[in-house]
Amino acid sequence: MRTLGLVYTRQETDGSITAGLFIHERHLNTHQVAHGGLLATVADSILGFNAGKAATAPVVTVNLSVSYLGRVKEHDWLEVAVRIERTGRRLVFASCLGQVGGQPVVKAEGVFSVVAS
C-alpha cells in the first residue's frame with residue numbers, strides 16, 4: 001500500500017491552517033495527472049481540520065463538493081487554503097481553494113457536523 005506522503009501545514013494570520021503537498025508519481029492516475037480522489041482527500045482533510053478548530057470540537061464531514069479546475073502534474077506543489085464561511089452550534093461551513101503556481105486547480109466546499117461529546 002502506498003502512502004499519501006508528507007503534508008506540510010502553515011498557520012495563517014487569520015488562524016486558519018493551509019496545507020501543502022508535493023505531487024509524486026504515486027499520486028497520479030493513468031492520465032499522468034493527480035488523481036481526483038487524492039485532491040478530494042486533501043481538501044476534505046484540511047477543511048475538516050479547520051472546521052474542528054473553528055468549532056473547538058471534533059467534526060465529521062456531512063457534505064463535500066469538489067470542482068476540478070485544472071491539471072496537477074508530477075512535481076507540482078499543491079497548496080490548499082481554507083476559509084471558514086460560517087460556524088453554528090451544530091454545523092460548520094467551509095470552503096477551500098487549491099492552487100499550483102498561483103493558478104486554481106481545485107475548489108471544494110464542505111459542511112461539517114460537530115460531534116456530540
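## An exposed histidine

His 75 counts as exposed because its relative accessibility is 64% (exposed means over 50% relative accessible area, buried under 20% and partly exposed in between, with a 1.4 Å probe and protein chains only). His 75 sits in the loop between S3 and S4, and its phi is positive, near 80 degrees, in a residue other than glycine. Helices (H or I, at least four residues) and strands (E, at least two) are DSSP runs, numbered from the N terminus.

A word on the model: it is predicted, with local features needing pLDDT of at least 70 and side-chain atom pairs counting only at pLDDT 80 or more, while totals for chains, interfaces and linings use all residues. Residues are numbered from 1 along each chain as its sequence is written, and side-chain values use heavy atoms, leaving out hydrogens and water.

Over in the loop between S2 and H1 we find Gln 32. Phi is positive for this non-glycine residue too, near 65 degrees. Gln 32 counts as partly exposed, because its relative accessibility is 48%.

## Helix H1

H1 covers residues 36-55, and its end C-alpha atoms lie 28 Å apart, which agrees with the 28 Å that 20 residues should span at 1.5 Å a residue (the expected span is 1.5 Å times one less than the number of residues).
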